[in-house]
Structure formats: structure tokens, C-alpha cells
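Hi there,

Here is the structure I promised to pass on to you. My notes on it follow just below.

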Amino acid sequence: MAEIRVLDLHKAFADFTAVKGSTFTVKDGEFFCLLGPSGCGKTTTLRMIAGLELPTSGQIFLGEEDVSFKRASARDIAFVFQMFALYPHMNVRRNIAFPLVSQGMLKSEIDRQVDQAARTLRIAELLDKPVSGLSAGDRQRVALGRAIVRQPLAFLMDEPLGALDSEFREVMCQELRALHDRLGATTVYVTHDQREAMAMADTIAIMNEGVIEQLGAPREVYERPASVFVADFIGAPSMNFLPFEAALASGASAVRIGAATIEVPALREDVSARPLLCGVRPEHVRFADSSALRAEVLGSEYLGTGRIVTLNVGGGVTLRAKVGVASMAQRGDHVGLAFDAEAVSLFDKVSGRALRTARDDRPHAGGAGHG
Ligand SMILES: Nc1ncnc2c1ncn2[C@@H]1O[C@H](COP(=O)(O)OP(=O)(O)OP(=O)(O)O)[C@@H](O)[C@H]1O
Ligand SMILES: [Mg+2]
């Protein structure tokens with residue numbers, strides 16, 4: 001296995017730039033996710049790592065080797081495009097063995113490798129079955145087997161679970177992560193589903209319009225989002241954003257939203273006269289009768305583990321609170337709301353940049369991986 005290093009990677013298609021200066025390292029044995037909405041440049045980035053697309057500028061290293069302009073076949077990487085691309089007329093054994101047969105490997109050695117891959121994937125009993133009769137999950141395991149036997153330096157996967165229904169996807173997420181832990185394989189995994197990325201990744205790169213907005217562990221990007229985009233994209237339901245225009249000088253520790261004063265930790269930066277957004281995750285919104293921040297309950301959704309209460313705070317702003325199941329809030333109720341100061345994030349409304357994030361007493365270093 002090997003480390004993958006990507007340096008200031010750009011890709012332009014005619015006058016449209018799909019990838020704008022990405023820089024990141026996938027450590028040896030790491031499970032790395034490229035996450036972002038449709039069209040943000042995830043597949044283009046992955047195809048450049050695979051050698052299926054050449055960069056407009058920038059460099060890609062596989063281990064110590066600069067592979068930026070090497071052909072795909074000269075890179076020791078397995079690209080698992082889409083897990084169902086099997087040969088339907090072959091049985092499981094021949095499907096898994098296919099890349100080894102193409103390499104001209106000895107039959108006894110092929111059998112040994114295929115048996116080992118099948119045991120790793122827990123499909124040894126299926127080896128002589130035709131793939132046409134297999135369940136979606138087993139077909140997916142066979143496709144993975146075909147990638148594993150090559151023993152590549154890295155695995156690249158582009159939305160491999162996209163075609164599965166959500167319940168099965170959750171199971172496959174856990175299986176893929178467990179398989180990764182057994183193989184210790186460097187993996188770059190593309191998804192637009194933040195839940196998949198949060199469940200599986202060691203490190204997530206969150207992309208928006210060709211730019212990596214933040215690189216970090218799941219907990220890091222959840223608790224300390226570098227931008228409004230990241231804060232909004234990660235977490236469900238997503239973070240609440242309250243706009244306010246109050247002058248907030250350097251060192252100030254409160255902001256005004258309507259009639260209410262919200263305590264926030266002091267900022268080092270002078271942001272007076274700049275429009276800001278106050279960000280609060282739903283689990284940090286509390287009901288507080290005496291609070292001057294008033295809201296009307298619009299609805300309440302029972303989740304089993306809690307309730308999501310939708311609240312209108314006026315001025316066209318709606319908030320969501322995640323509260324206990326015992327909460328009695330009902331549509332039409334008028335309630336007071338409070339947030340703990342350390343759970344509040346502040347963003348520059350114009351640039352979207354985080355000025356401070358929840359559980360952070362330092363100004364944020366900002367986005368990583370570009371510029
Ligand atoms: N060969 C190409 N020629 C022109 N434009 C392209 C080409 N390939 C990709 N693009 C454009 O580059 C942008 C990024 O595409 P890409 O496929 O990398 O997005 P993505 O993040 O994988 O999106 P999705 O989630 O929809 O798969 C898109 O606007 C796409 O239309
Ligand atoms: Mg894509």
C-alpha cells in the first residue's frame with residue numbers, strides 16, 4: 001500500500017475549471033472521502049488519480065513516484081467504478097480471477113489468491129455459483145474481490161453504493177469499513193452523501209465548485225466547520241443560521257438578534273459593520289421560558305431518539321431544535337430559546353468563512369487545500 005499526495009491539482013475542460021487547486025495527502029492505509037454535491041469535481045479528481053484524465057496542472061504522487069502524467073495501466077491502482085460491472089456469463093471464481101488471468105498468473109497461484117479474497121469477503125461458499133443469481137450485496141462483494149486480488153497500492157471508489165437502497169447501503173458502509181480495516185488498504189472514496197462519509201472516513205475532503213473547502217476527520221468537520229458551506233452540508237438536520245448585522249467589535253461577547261442578546265465567545269478579529277451569521281446545531285438549541293429570543297412552534301417531528309421541532313423566530317428565519325422525546329412543544333406554542341455560548345459558531349456572511357466555531361477558542365485557520 002502507499003500514500004497518495006495531490007499537489008495544487010487543476011483540471012479545466014475548455015473554459016470551465018472543474019478542479020481548482022486541490023492539495024491533500026491520503027496517508028498509507030487511510031480511508032479518505034471526497035465529499036460534495038453533484039458537479040463539484042469529485043469524479044474528475046478521482047479520474048486524475050487513476051490516470052483516466054490528465055491534469056491541466058499540478059502533481060500526483062503514488063508513494064515516492066510522480067505519476068501525474070503516467071497512463072492508467074502504469075499506475076498500480078484499482079478503480080472500483082461501479083460495483084455491479086461483473087461478467088454475467090462467468091461464475092464468481094472466474095469473475096474474481098479475471099485480472100490475474102489477464103496477467104498470465106499460474107493457475108495454482110490464482111486459485112490461492114481467489115480463495116483468500118473470497119474468505120476475506122466471506123463469500124467462499126459462492127465461488128462456483130453464477131453471478132447472475134446473486135443478491136446485490138453479494139455481487140458487490142464479488143466486484144470488490146476482483147479489485148482485491150490485484151493487490152493494488154490503492155483503491156479508488158466512485159459512489160459504489162449509489163445504486164443501493166438506504167437500509168442496505170448502511171450495512172454495506174459498515175462492511176466496506178470493516179474490509180478496509182482488515183486489508184489496511186489506502187482508499188479514496190467518492191460520495192455526495194455526508195452520512196456515508198461521516199460513517200466511514202478517517203479524513204474527509206469537502207468540495208464545493210471545484211474547491212476543497214475543508215479537510216478533516218468527521219468530528220473535526222462537524223464541530224469546527226471552516227465555512228457556511230461545510231456547516232450546512234455536514235449534519236442532518238443541518239446547522240441553523242441566524243443573520244444579524246449588529247456591530248460586533250473585537251473582544252465583544254454578545255450579539256443581538258431582534259430583541260434578544262446572544263452570548264458568544266469573544267472574537268479576536270474586528271468584524272464591526274460586517275454582516276455575520278450565527279450558526280447553531282439543532283442539538284444545541286434549548287427551550288428557555290425567560291429568554292428574550294422568542295419563537296413560534298411550526299411543527300414537531302418524532303424521531304424515536306428525540307424530536308425535531310421547527311421554530312419561526314421572525315424576520316423570515318426558521319430554526320430547528322433537536323429536543324428530548326418528552327418535549328411537549330406543539331404547533332402554535334410560543335417559546336423562548338437559548339444557546340450555550342460555546343456551542344455557537346460565527347461566520348462572515350459575505351465570504352462564508354468561519355470566524356469561530358463551536359468548541360473553539362481560537363479564530364479558525366480557514367479552509368485548507370487551496371489558494
Ligand atoms: N469531459 C468533460 N468535459 C466537460 N466538462 C466536464 C467533463 N467531465 C466533467 N465535466 C464537468 O466538470 C464538473 C465536475 O464534474 P464531476 O463529474 O467531477 O462532478 P462530481 O462531483 O463527480 O459530480 P456527481 O456527484 O454528479 O458525480 C461538472 O460540471 C461536469 O459537467
Ligand atoms: Mg461523480
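**Helices around α4**

Let me begin with a contact in this predicted model: V92, N95, I96, F98, P99 and L100 in helix α2 meet V142, G145, R146 and V149 in helix α4. Being in contact here means that the C-beta atoms of two residues, placed from the backbone, lie within 7 Å. By class, the residues of this α2 and α4 contact are seven nonpolar, two polar and one charged. For the classes, Ala, Val, Leu, Ile, Met, Phe, Trp, Tyr, Cys and Pro count as nonpolar, Asp, Glu, Lys and Arg as charged, and the others, Gly among them, as polar.

Helix α2 covers residues 92–102, and its axis comes within 8 Å of that of α4, crossing at roughly 30°. The axes are lines fitted to C-alpha atoms over the stretch in contact, with angles from 0 to 180 degrees between N-to-C directions. The two helices α2 and α4 are therefore roughly parallel; angles under 35 degrees get that label, over 145 is roughly antiparallel, 65 to 115 roughly perpendicular and the rest oblique.

Helix α4 (residues 136–149) also packs against α3 (residues 107–121), at an angle of about 130° and with the axes 9 Å apart. That makes α3 oblique to α4. On the α3 side, Q113, V114, A117, A118, T120 and L121 meet R141, L144, G145, I148 and V149 of α4. This contact of α3 with α4 has seven nonpolar, three polar and one charged residues.

Strands β16 (residues 294–302) and β17 (residues 307–314) run antiparallel and are joined by six bridges; strands pair if DSSP finds at least two bridges between them. E301 stands opposite I308 in β17. Four residues lie between the strands of this β16 and β17 hairpin, where G304 takes a positive phi near 95°.

Strand β17 is also joined to β18 (residues 317–323), by seven bridges, and these two run antiparallel. The bridge partner of G314 is V317 in β18. In the β17 and β18 hairpin, with two residues between the strands, G315 has a positive phi near 65°.

**The chain and the numbering**

The protein chain has eight helices and 21 strands, taken as DSSP runs (H or I, at least four residues; E, at least two) numbered from the N terminus.

Residues are numbered from 1 along each chain as its sequence is written, while chains are lettered from A and ligands numbered from 1 in the order written. Because the model is predicted, local features need pLDDT of at least 70 and side-chain atom pairs count only at pLDDT 80 or more, while totals for chains, interfaces and linings use all residues.

Best wishes
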